Amino acid sequence: MTTVLEFGVGFSTSVLADALRLNQLDYELFVSENLRRSDAWKVFSVDDSKEWIQEARARIPQNLVAHSEILLSAVQMTTFQGRICTEYLRLPNTCPDLIYLDAPSLDLVRGEICGISTQHFDRLPMACDILKIEHFLLPGTLIVIDGRTANSRFLISNLQRNWQHYDHENDGTHFLELRERPLGRWNAAQIEFCLGNEWWSRVD
């Protein structure tokens, strides 16, 4: 991976930033000469909680600060194709090859739709942000959904492109991989670099 979009800051922010730092140490020259990745070696995180962001920033070691960028954004109730869900008002302006979904929480979501809000004890997370940017994502993109099975089912039922779903039943983690032919030579080079030549055999 070269660029990460993270929904929800936490320990994962430092882990992802460190993984990108290590990748940069090994592959910076190759990527700069062979790929088109303007945001390489950085995790872009978005969260709606100032407190969580402050904790995450305080936890990031100094050598990882350059590998992370955190955005504070409110979350509101909305609809996606008539289905009630939540959305961030702002997203990081980046093109990730890995997306990590573990937010938003239900506590700070603003508003309601037809009387429905997240301010109900039994309500489940139902974010639509990935659906809104799906057609910007490059073939080979991987989405990791951390313990949000209902949200993963919502995404799977509304995504329009050729995603392969893997379900880790033991820990509730879901993986979605965008398996499509590349969008030109730059995307093809990135796929070969990140996923290897054998990845092509898995594309329909």
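Reader: Which helix gives the most to the lining of the largest pocket?
Author: This is a predicted model, so local features need pLDDT of at least 70 and side-chain atom pairs count only at pLDDT 80 or more, while totals for chains, interfaces and linings use all residues. Residues are numbered from 1 along each chain as its sequence is written, and side-chain values use heavy atoms, leaving out hydrogens and water. Helices (H or I, at least four residues) and strands (E, at least two) are DSSP runs, numbered from the N terminus. With three residues in that lining, the top contributor is the helix spanning residues 185–195, H5.

Reader: What volume does the largest pocket have?
Author: A pocket is an open set of points on a 1 Å grid over the protein atoms alone, with protein on both sides within 12 Å along at least five of seven lines; a cavity is a set where a 1.4 Å probe fits but cannot get out, and lining residues have an atom within 4 Å of a point. Points are joined across faces, edges and corners, and probe spheres set on them fill the volume. For the largest pocket that comes to about 270 Å³.

Reader: And which residues of its lining are the closest to the centre?
Author: The lining has 13 residues. They split into five nonpolar (Ala, Val, Leu, Ile, Met, Phe, Trp, Tyr, Cys, Pro), three charged (Asp, Glu, Lys, Arg) and five polar (the others, Gly among them). The closest to the pocket's centre are Arg36, Arg37, Cys95, Leu138 and Gln190.

Reader: How much space lies in the largest cavity?
Author: Searching the whole structure turns up one cavity of 30 Å³ or more. Residues lining the largest cavity include Asp97, Leu138, Gln190 and Cys194, and its lining divides into five nonpolar, four polar and one charged. The space inside is about 60 Å³.

Reader: Is Glu177 buried or exposed?
Author: Glu177 is found in strand E9 (residues 173–178) and its side chain makes a polar contact with that of Trp199 at 3.0 Å. Such a contact is an N or O pair within 3.5 Å; within protein, one atom must be able to donate a hydrogen and the other to accept it, and residues adjacent in sequence count only if both atoms are side-chain atoms. Because its relative accessibility is 7%, Glu177 counts as buried.

Reader: Which residues does Val144 touch, not counting those up to four places away in sequence?
Author: Val144 lies in strand E7 (residues 142–146) and, at 12% relative accessibility, counts as buried. With contact meaning heavy atoms within 4.5 Å, Val144 touches Ile99, Tyr100, Leu101, Thr173, His174 and Phe175.

Reader: What phi does Trp41 have?
Author: Most residues other than glycine have a negative phi. Trp41 lies in the loop between H1 and E2 and is buried, at 7% relative accessible area. Although not a glycine, Trp41 has a positive phi of about 70 degrees.

How values were computed:
Buried means under 20% relative accessible area, exposed over 50%, partly exposed in between (1.4 Å probe, protein chains only).
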